[in-house]
Amino acid sequence: MHRRGFLAAGLAAVLASPRALAQMKMDGMSNMDSMPGMDMDGHAGHDMGAMGQGPAALPEGEALRELPLLANEAGQTGLFKARLTAGPATARFVADKDTPILAYNGTSPGPLIEAHEGDRVEITFANRIEGEPSTIHWHGMPVPADQDGNPMDPVAAGADRAYAFELPEGSAGSYWYHPHPHGKTAEQVYRGLAGAFVVKAKADPVPAKYGDTVLMFTDLRLAADGSMPANTMNDVMNGRVGDHVLVNGQKNPRLAVAMGAKRRLRLYNATNARFLRLAFANAAMTVIGSDGGLLEAPVAVDEILLSPAERVELVVAFDKPGAATLTTLDYDRGWMGPGRPADAGLTLLTVDVSDTPAEAMPPLPERLRPIAPLGAPTVSRRLVFTETMAMNATGMEMGFLINGKAFDMGRVDFVAKAGQTELWEIVNHADMDHPFHLHGTQFQVIEHERDGKISKPPYLAWKDTVNVARGETVRLITRQERPGPRMYHCHILEHEQLGMMGIVDVKV
Ligand code: C2O
Ligand code: CU
Ligand code: CU
């Protein structure tokens, strides 16, 4: 049988048989025997769930809150010094119900870190999560390997550790931070641990009048009692998709602007597994930056696809009075089994554009900054993504593999040389899209291939995460400047946890 058919048939059989489900065994999952609310049609609390009670309704339309800034305790220029404590906290998503969450310094999303190119950063991490190791990974940032919060460097529950690194010239961009402990990343992130880290340029070509606002998308599933249900089998296969997409922790908040205003918005997909295809009604979007900072020139767009972990920097022009809404469009990223979320038509943000005109806005410059080409690659690597499902004596095992292998912390998958330009070819032979992420550096996508057709990306951009659609091959050029082991993985965090991750060891 064709592999795709085999997978679909195997999955249908599994989901049709509660006994098979009960026997299902997942490597690296400690609580699969206690899958709460797993049923034939989906899972507890989900939109599509057949549990009798739908998802809790969340209040909408509150004023958008800016993320709290992490205070710099250094008291001197050129140094950013602070403390981040991860630990249990409570949130009020619905009236009179406390939701136990995990938070950095008591807030989720975590505090916004704002530092400048050239700064030295010293952040002490205190892990106060009960009984679980954690780390802080600086997603997308050019930090030394031993400061990057790899799964090989866990911080034990109750322990502290200092992270220190410099932000090189040219590193301005929209990064983020989140835990990366072996086997626990997915859960710690959906419970609330993720924050934005914006590195500001010394000389920024984008007019300051546009402001600079982070919009961090997270995904929440809330049970009727206000708790966050644990991952189900469905979540493990597809990645966890919640019932509510939140912006800075709020559902469909409102932002007021004057007519004619332009706003600089940094959009972050900090969900575990939700693909966000986004459009703005009654407002014009211009892409000015990607994961790793500004493009060479602005590009007007009608929509954007933001796969898990990707970021985009936009300038949005609000020229028509009334409501300008940021909504989701349909995107089929390949869904295994029943319960595909209906994710089109969600309103994520409502901007109220007044009919009083804004003060005059300076124009966006035609050139933003040069992006240096990485040069001709001298090494090429091929990474093939597959999904497997196999019956064995004890039950069903699923695997998300790269080059036929599941992640092994003790294994180096590739050895690279610092300063050497490499071509990476990411081939998706699986039934789902997998957003590919590489640590330690930014890369440049050079082409996509699907059904024998090759296409070039519409513009040159610094990226650390790129969606590799099912059946697609993505080719990218990358160069690691610093030595040490670096992770690469699918950023659907459940897939990363089930094995779709590897290590490239960079030698001097
Ligand atoms: Cu955002 Cu290895 O992660
Ligand atoms: Cu990362
Ligand atoms: Cu994946």
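**Cavities, pockets and a copper site in a predicted model**

In the largest cavity, strand E9 gives the largest share of the lining, namely 3 residues. Good morning, colleagues.

The structure holds 3 cavities of 30 Å³ or more. The largest cavity has a volume of about 220 Å³, and 20 residues line it, with Val189, Tyr190, Gly192, Thr218 and Asp219 closest to its centre. Helix H3, residues 185–190, and strand E9, residues 213–220, each supply at least two residues of this lining. By class, the lining of the largest cavity comprises 10 nonpolar, 7 polar and 3 charged residues. At least three lining residues come from each of domain 1 (79–200) and domain 2 (208–357).

The second largest cavity holds about 80 Å³ of space. Among the residues lining it are Val241, Phe275, Tyr331, Trp335 and Asp343. Its lining divides into 6 nonpolar, 1 polar and 5 charged residues.

I turn now to the open pockets. The largest pocket has a volume of about 710 Å³. It is lined by 27 residues, and those nearest its centre are Leu305, Glu310, His448, Pro458 and Tyr459. Several strands each supply at least two residues of that lining, including E14 (284–290), E15 (293–301), E17 (311–318) and E25 (444–450). In terms of class, the lining of the largest pocket has 15 nonpolar, 5 polar and 7 charged residues.

Of its 21 lining residues, Pro142, Gly170, Thr441, Gln442 and Trp462 lie nearest its centre. The lining of the second largest pocket consists of 9 nonpolar, 7 polar and 5 charged residues. This second largest pocket lies between domain 1 (79–200) and domain 3 (379–507), because both give residues to its lining.

Next, the metal site. Which residues coordinate the copper ion, ligand 2? His137 and His437 do, each through NE2, at 1.9 Å. Histidine 137 belongs to strand E5 (residues 137–139) and histidine 437 to strand E24 (residues 434–438), so the pair ties together parts that are 300 residues apart in sequence. Are these two histidines buried or exposed? Histidine 137 counts as buried, at 0% relative accessibility, and histidine 437 likewise counts as buried at 0%.

In one of them, phenylalanine 165 and phenylalanine 197 have ring centres 6.4 Å apart and planes at 45°, so the pair is tilted. Phenylalanine 165 lies in strand E6 (residues 160–166) and phenylalanine 197 in strand E8 (residues 195–200), so this pair ties together parts 32 residues apart in sequence. Phenylalanine 165 is buried, with a relative accessible area of 2%, and phenylalanine 197 is buried at 0%.

Phenylalanine 385 and phenylalanine 436 form a tilted pair too, at 6.3 Å centre to centre with 40° between the planes. Phenylalanine 385 is in strand E20 (residues 379–392) and phenylalanine 436 in strand E24, so parts that are 51 residues apart in sequence are tied together. Phenylalanine 385 counts as buried, at 0% relative accessibility, and phenylalanine 436 is buried with a relative accessible area of 0%. One aromatic cluster is formed by Tyr104, Phe125, Trp138, Tyr163, Phe165, Tyr177 and Phe197.

Thank you for your attention.

Key. Residues are numbered from 1 along each chain as its sequence is written. Chains are lettered from A and ligands numbered from 1 in the order in which they are written. This is a predicted model: local features need pLDDT of at least 70, side-chain atom pairs count only at pLDDT 80 or more; totals for chains, interfaces and linings use all residues. Side-chain values use heavy atoms; hydrogens and water are left out. Donors are N, O and S atoms within 2.8 Å of the metal (3.2 Å for Na, K and Ca); water is not among the atoms, so sites may look incomplete. Helices (H or I, at least four residues) and strands (E, at least two) are DSSP runs, numbered from the N terminus. Buried means under 20% relative accessible area, exposed over 50%, partly exposed in between (1.4 Å probe, protein chains only). On a 1 Å grid over the protein atoms alone, a cavity is a set of points where a 1.4 Å probe fits but cannot get out, and a pocket is an open set with protein on both sides within 12 Å along at least five of seven lines; lining residues have an atom within 4 Å of a point. Grid points are joined across faces, edges and corners, and a volume is the space filled by probe spheres set on the points. Ala, Val, Leu, Ile, Met, Phe, Trp, Tyr, Cys and Pro count as nonpolar, Asp, Glu, Lys and Arg as charged, and the others, Gly among them, as polar. Domain bounds come from an automatic or database domain assignment. Rings of Phe, Tyr and Trp (its six-membered ring) pair if their centres lie within 6.5 Å; planes under 30 degrees apart count as stacked, over 60 as edge-to-face and the rest as tilted.
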